[in-house]
Amino acid sequence: MKATGEFRTESALRRPRRTVMAAAATAAMTIGTLVAVVAAPANAATIDTNAWYTLVNRNSGKALDLSGSATTDGARITQWTRTGAANQQWQFVDSGGGYYRIKSRSSGKVLDVANRSTADGGAVVQWSDNNGTNQQFRLADSDGGHVRLLAQHSGKAVEVQGASTADNAAIVQYADWSGTNQQWQLVRTDGGTDPTTPAPGGSSGCGKAPTLSSGTYTIQSGGKSRQFILRVPANYNNSQPYRLIFGFHWRGGTMQEISSGGTSGAAWSYYGQQEQSNNSAVLVAPQGLGNGWGNAGGEDVTFVDNMITRIESSLCVNPRQRFALGFSWGGGMSYALACARATVFRAVAVISGGQISGCSGGTQPIAYFGLHGISDNVLPIAQGRGLRDTFVRNNGCTAQSPREPAAGSRTHITTTYSGCRAGYPVQWAAYDNGHMPGPVDGTYAESGITTWTKGEIWRFFAQFS
């Protein structure tokens with residue numbers, strides 16, 4: 001099997017019965033009438049990229065400090081009692097996709113995870129600005145107006161090593177566990193208004209008149225035009241933070257089929273999550289390049305970053321309630337997000353997936369639900385078990401071999417792993433059927449209307465509040 005997988009033509013459940021030419025024409029007409037081309041928005045509107053900030057650690061009350069006001073590459077970054085000096089002043093330089101370089105006023109150089117380390121304890125130093133991913137950081141909200149700084153290349157958080165409260169304590173990266181030594185308050189040095197985190201549980205789009213509505217959108221990502229279909233809940237309330245759910249299509253599929261539900265209609269829209277969420281979620285159906293999710297150089301993960309930025313700057317979304325799911329190659333893409341964006345997404349559901357969109361990182365915990373048919377002859381169930389076991393390990397669950405249904409039983413068995421770290425469950429559903437997302441107990445047919453998968457996935461997502 002090639003890295004991208006050699007998948008069979010998907011069934012009528014997912015692809016409406018029509019010729020390829022007619023399907024293409026219909027898709028083109030749909031795009032032509034619905035597309036609203038939008039410019040990439042300014043990222044993280046709560047940050048003023050013209051301002052200088054002192055970054056104050058929540059645990060120690062001390063400031064992020066360029067040791068000795070050094071001007072050399074590789075100089076140490078430490079914490080120190082606040083002095084207000086230029087070596088404690090930092091500016092956020094927009095790198096796009098919601099990431100920033102953090103530039104010292106004293107030296108003009110930026111924070112850098114030394115040698116692109118992905119290890120816990122990797123040193124944070126200063127270095128000449130080359131816009132590398134180890135120099136890019138995303139702001140993740142904590143309570144009380146504090147943020148965590150998460151490195152793009154590793155997903156790890158900038159912290160005061162060992163939760164020290166002493167002057168000159170080292171600044172390093174470490175797996176994001178929301179410790180107070182990983183939380184920073186941004187204080188403007190010019191007396192302007194300090195940035196604020198979104199309303200409790202809400203993104204920067206909360207409280208604003210929405211600039212997005214249900215429809216198809218085009219954005220620029222990595223120098224390419226990328227599209228997605230958005231569904232905003234009926235009676236949208238800009239003061240209510242909504243879940244954000246991404247549904248990724250299979251190989252050869254389209255965003256229109258995810259949005260419409262194919263021949264099963266609205267009952268199967270977004271893999272049934274439109275029906276199940278009952279207007280409690282913003283739903284997104286992205287379009288893959290070449291109708292797939294090759295994720296070359298991480299470009300599809302970056303596309304997801306860009307969609308999140310665009311959507312959450314316009315709509316009221318709960319940043320702690322982002323979810324992804326998909327079937328086949330869409331499952332592979334959801335797994336890639338679990339690996340690369342475990343601190344961005346709360347949970348994923350991978351239906352009949354394989355490691356076919358990559359796994360950058362893959363060492364951090366995330367709530368994980370894998371579903372797979374025991375007779376899958378496209379991506380055999382052994383591949384799904386392998387994906388699952390990555391997060392059994394990451395989430396600290398007790399290793400086991402879950403029960404699976406016998407061939408001919410026409411049933412499914414769902415197992416919840418024991419011993420998992422609090423808040424990071426792993427669930428596994430095996431079913432007596434093949435390569436399909438909508439199996440129905442008692443039959444070898446599939447139906448988006450009567451399948452059990454949509455309800456179990458929704459219950460897995462909905463447990464997180």
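What share of the contacts with a separation of 6 or more in the protein chain do residues 24 or more positions apart account for? I find 66% (a contact is heavy atoms within 4.5 Å).

**Entry: ground rules.** I am working on a predicted model, where local features need pLDDT of at least 70 and side-chain atom pairs count only at pLDDT 80 or more, while totals for chains, interfaces and linings use all residues. Residues are numbered from 1 along each chain as its sequence is written, and side-chain values use heavy atoms, with hydrogens and water left out.

**Entry: whole chain.** I looked up the secondary structure and got seven helices and 22 strands (DSSP runs numbered from the N terminus; helices are H or I with at least four residues, strands E with at least two). Of the 465 residues, 57% are buried (under 20% relative accessible area; exposed is over 50%, partly exposed in between; 1.4 Å probe, protein chains only).

**Entry: Thr451.** I located Thr451 in the loop between strand S22 (426–431) and helix H7 (453–462). Its relative accessible area is 5%, so Thr451 is buried. A polar atom of its side chain lies 2.7 Å from the backbone oxygen of Pro439. The side chains of Thr451 and Thr453 make a polar contact of 3.2 Å (a pair of N or O atoms within 3.5 Å; within protein, one must be able to donate a hydrogen and the other to accept it, and residues adjacent in sequence count only if both atoms are side-chain atoms). Leaving out residues up to four places away in sequence, I list Trp268, Pro437, Gly438, Pro439 and Val440 as touching Thr451.

**Entry: aromatic rings.** From Thr451 I went on to rings, Trp268 being one of its contacts. I count 17 aromatic pairs (rings of Phe, Tyr and Trp, the last by its six-membered ring, with centres within 6.5 Å; planes under 30 degrees apart are stacked, over 60 edge-to-face, the rest tilted). The ring centres of Trp268 and Tyr271 are 5.8 Å apart and the planes stand at 85 degrees, so I log this pair as edge-to-face. Trp268 is buried at 3% relative accessibility, and Tyr271 is buried at 1%. Phe92 and Tyr100 also pair edge-to-face, at 5.9 Å centre to centre and 85 degrees between the planes. I also noted a cluster of Phe323, Phe369, Phe460, Phe461 and Phe464, linked by ring pairs.

**Entry: strand S11.** Which residues of S11 point one way, and which the other? In S11 (residues 157–160), Ala157 and Glu159 point one way, Val158 and Val160 the other, and all are buried. S11 runs antiparallel to strand S12 (residues 171–174), with four bridges between them. Ala157 has Tyr174 as its bridge partner in S12.

How values were computed. Two strands pair if DSSP finds at least two bridges between them.
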